[in-house]
Each structure stands twice: as C-alpha cells, then as structure tokens.
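Let's take a friendly walk through a protein model. Have a look at it first, and then we'll go through its parts together.

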Amino acid sequence: RIEPSPVHPAWRDRLGAYDLADENLARILFRSSPNMELRLDGAYLVVTYHPNIQPAVELKCTVRTLSEDEAAFEGLANYLGGETLSGIRVDGQERIMFSGYEFKRVGD
C-alpha cells in the first residue's frame, strides 16, 4: 500500500502535460502527445504515459517528492520503483528529466 505524502510546492508548479524534447524520438517511443502527464490524483502525485510498444496500455505511477528538484516513483513490485524524476532548467525553461530523457511542458 502506498501512503499519500506531501507534494513539494515546486512539483505542484510542474503539474501539466509534457512531450519528449527530442521530437523525432518522441514519435518512436510514444503513441501520441502529450507523451507524459504529471497530475494530482486525490492526495497522490502521479505520472501517466502511453508507451508506443504497448499502445493500449496507459501507465500510471505514483511519485513521492524528495526535494524541490527530485522525486521518485513508488512501489516495490513494479519495475519503476526507485526510478527518479528531476526538475531541471534548459535555456531558462523548466523541464523534467526521466529515465535519461528530457521532457518539455506542452500544456497544463
């Protein structure tokens, strides 16, 4: 069972829709835009995405904020347990780094 935890205000500011910054790679890895969404689902911060390898699958994972710029996927049984998200700045714009990829905001 994953217990709700406080969401750092910086991560609340990052809520929204994101696409992979590399548009050519985004067309290969994801089936549609937005490629990833960061949302609140009740008391939980969640990341949702639709990988192209399983087009009918929507992956929705709970995230726990660790600091202003770091968050980690929760869960011991799933393959993303312990994977991190990082808030970064590129050319003055906020982005999210996930699994070695940069995501840029495309909407709220």
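## A pair to start with

Which side chain does Arg-89 meet in a salt bridge? Its partner is Glu-94, at 3.2 Å from N to O. A salt bridge here means a side-chain nitrogen of Lys or Arg within 4 Å of a carboxyl oxygen of Asp or Glu. Side chains of opposite charge can pair when their charged atoms come close.

Before we go on, a few ground rules. This is a predicted model, where local features need pLDDT of at least 70 and side-chain atom pairs count only at pLDDT 80 or more, while totals for chains, interfaces and linings use all residues. Residues are numbered from 1 along each chain as its sequence is written, and side-chain values use heavy atoms, with hydrogens and water left out.

## The barrel

Now for the overall fold. Eight strands form a closed barrel in the order β1-β2-β3-β4-β5-β6-β7-β8, and the pairing is antiparallel. On average, neighbouring strands of this sheet are turned by 35 degrees against each other, direction ignored. Those angles come from axes, which are lines fitted to C-alpha atoms (for helices over the stretch in contact), and they run from 0 to 180 degrees between N-to-C directions. Strands (E, at least two residues) and helices (H or I, at least four) are DSSP runs, numbered from the N terminus. Two strands count as paired if DSSP finds at least two bridges between them.

Let's zoom in on some of these pairings. Strand β5 (residues 70-73) is joined to β6 by three antiparallel bridges, and Glu-70 sits opposite Ser-86 in β6. Between β6 and β7 there are six bridges, again antiparallel, with Gly-87 facing Ile-96 in β7. Then β7 pairs with β8 over four bridges in the antiparallel sense, and here Arg-95 stands opposite Lys-104 in β8.

Most residues other than glycine have a negative phi, and most peptide bonds are trans. This model has some exceptions to show you. In the hairpin of β6 and β7, with two residues between the strands, Asp-91 takes a positive phi near 50 degrees. Asp-91 is also exposed, at 78% relative accessible area. The terms work like this: buried is under 20% relative accessible area, exposed is over 50%, and partly exposed is in between (1.4 Å probe, protein chains only).

The hairpin of β7 and β8 also has two residues between its strands, and there Ser-99 has a positive phi near 55 degrees. Ser-99 is partly exposed, at 41%. For a cis peptide bond, go to Ser-33 and Pro-34, where omega is about 0 degrees. Pro-34 belongs to the loop between α2 (23-29) and β2 (36-41).

## Charged partners

Back to the charges: the structure holds nine salt bridges. One of them brings Arg-14 and Asp-69 together at 2.9 Å, N to O. Arg-14 is in the loop between α1 (9-13) and β1 (16-20), and Asp-69 is in the loop between β4 (59-65) and β5, so this pair ties together parts that are 55 residues apart in sequence. Arg-14 is buried at 4%, whereas Asp-69 is partly exposed at 33%.

What about the pair we began with? Arg-89 is exposed at 56%, and Glu-94 is partly exposed at 25%. Salt bridges that share partners link Arg-14, Asp-69, Arg-89 and Glu-94 into one network.
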